[in-house]
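User: I am new to this structure. Please pick one part, look at it closely, and then show me what lies around it.

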Amino acid sequence: MASFILRRLLVSVLIIIAASFLMYMLVAYSVDPLMDLRSSNSPNKTQLIAARVELLQLDVPPPLRWLFWLGGAAKCLIPFANACDLGSTISNAQVVDILPQALASTVQLVTLALILAVLLGVTIGIVTALRQYSGLDNVVTFLSFFLYSLPAFLVAVLLKEFVAIGFNNFLADPVIPWWVSVLIGLVAGLIWQSLIGGNMRRRLTTFAISGAATALVLILMSATDWFLHPGLGPVVIIIVTAAVAIGTTALISGLQNRKALITAGINGAIVIVAYFALQPLLDISSVATVVILAVVAIVVSLAIGYFVGGYDRGQNMRVGVIVTIVSGAMVLLDRFMQAWPEYFNATNGRPIATVGSSTPGLTGDIWVTGLDTFTHLALPTVALLLISFASYTRYSRAGMLEVLNQDFIRTARAKGLPERTVIVRHAFRNMLIPITTLVAFDVGALLGGAIITEKVFAIPGMGSLFNAGLARGDLNPVMAYFVIIAAMAILFNFLADLAYAALDPRVRVR
């Protein structure tokens, strides 16, 4: 394993060096960093050109200039030396000073989009594989191909027009007509009956209950002015926590596993008690407080799963952690909702942002600033999510169907194993193998797609840094973007190779 890792690292370094040389030469010979000064009417144009030539070493041939740049970039690998040098921009700003902020914005955007795309895409892909050729499968297939064919800029513009501007206008008078609520309820009923499946009686029952519940909830939200004063409240928290505990147990271990059900129940009860007990603390919390509470909650859930777990402690510990994380996320969501009226007033009734990464001059606690970050990242995240979601849905569906037709699945069913065990413990793990490869490639694709998305939403991230540098002939920011993209792509491909061995015992690194 050690020799394999060393070889991969050596090859990766050589690839980055060779690719950086090609990128440097292409940009250096295709753009003119003096273009704006050559057309300037400034009386000191000659002095300005001479100063920029000296700053960017434009009197040095590009191959030799690349060696100088490579030497400065290599210093970034020296820990604790603070000697990293990626050059200067045209405006005489150090790239290493402007890079962290741009990188933080892009990583925040891309990470959330990637996680949501994987979770939603894989989940819906599995469901459609289990409901092959059903109405749900056909609808998801159509939507997947439709979303996959949409360009990123078009998705971004449509989201700004119909989601951001439309929802902000709706909040001026947030009333949903009863007939719209009924129509949405009918659509929700059709979706849920397709997900649940079963015979005609079961489908009709699911359609009626889910459709009526959705319409009733929307009517109540409109009547109680919920959109201006949102919140989950203790009743919804208790119901959702109980549903998460039962659903997680049924999915991971089965409801017949009493110890897992007890583990989920104890963790769910602790979350409910914490919801009431921690409200005063959450009002004065900081990011560090929330992180500490999350770590303590996870440790406690692991301990409960270990001591209650019996012979299968690992499985019960997973159940406890999932229940705690999902239920705790609902508690945090409720606290963010409580801060919505304050944030709504601070944004003059237009909370969903269409440009930028934050509201200028906005002050407040972590809940208000967190809402500000969410509303600015929501639309660009959805834009990136929709395109990636389509590919994950297709790959996971095809992978699950292929695995379900293999001999070991038929053997597991022949032995009398429950269908939940066959799907979750046997088919799901093997289906993840091709998804691992897709995730590795998708990281680079999402970072590349962020160039367009950040341009449309005016987010000062890596894409904006690259786009501005390329337009002005500013070579050093372009190279900084390239190095980050190349390093991330190589890193995730390397992690994918290591994940193969964990997912498939037949794959071993020798």
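Analyst: One term comes first: a residue is buried under 20% relative accessible area, exposed over 50%, and partly exposed in between (1.4 Å probe, protein chains only). At 19% relative accessibility, Gly 233 therefore counts as buried.

This is a predicted model, in which local features need pLDDT of at least 70, side-chain atom pairs count only at pLDDT 80 or more, and totals for chains, interfaces and linings use all residues. Residues are numbered from 1 along each chain as its sequence is written, and side-chain values use heavy atoms, without hydrogens and water.

Start with the whole. The protein has 20 helices and zero strands. Both are DSSP runs numbered from the N terminus (helices H or I, at least four residues; strands E, at least two). The C-alpha trace spans about 80 × 65 × 45 Å along its principal axes. Of the 510 residues, 41% are buried.

(The expected span is 1.5 Å times one less than the number of residues.) Still, α7 bends by about 30° at Lys 160. That angle lies between axes fitted to the seven residues ending there and the seven starting there. Lys 160 is also one of the buried residues of α7. Ala 152, Val 155, Ala 156 and Leu 159 are buried too. Ala 164, Asn 168 and Leu 171 complete that list.

In soluble globular proteins, nonpolar side chains tend to be buried together.

Helix α7 also supplies at least two residues to the lining of the second largest pocket, as do α5 (95-130), α14 (313-338) and α16 (366-404). A pocket is an open set of points on a 1 Å grid over the protein atoms alone, where a 1.4 Å probe fits, with protein on both sides within 12 Å along at least five of seven lines; lining residues have an atom within 4 Å of a point. Here the lining has 25 residues. Leu 333, Phe 336, Gly 370, Leu 371 and Phe 374 lie nearest the centre. Again α16 gives the most, this time 10 residues. The lining holds 20 nonpolar, five polar and no charged residues.

Now look elsewhere in the chain. Gly 233 sits in helix α10 (residues 233-252). In the loop between α9 (200-223) and α10 lies Asp 225. Asp 225 has a positive phi of about 60° although it is not a glycine. Its relative accessible area is 29%, so Asp 225 is partly exposed. Ala 458, in the loop between α18 and α19 (462-472), has a positive phi of about 55°, and is not a glycine either. At 42%, Ala 458 is partly exposed. Most residues other than glycine have a negative phi.

Technical notes:
Ala, Val, Leu, Ile, Met, Phe, Trp, Tyr, Cys and Pro count as nonpolar, Asp, Glu, Lys and Arg as charged, and the others, Gly among them, as polar.
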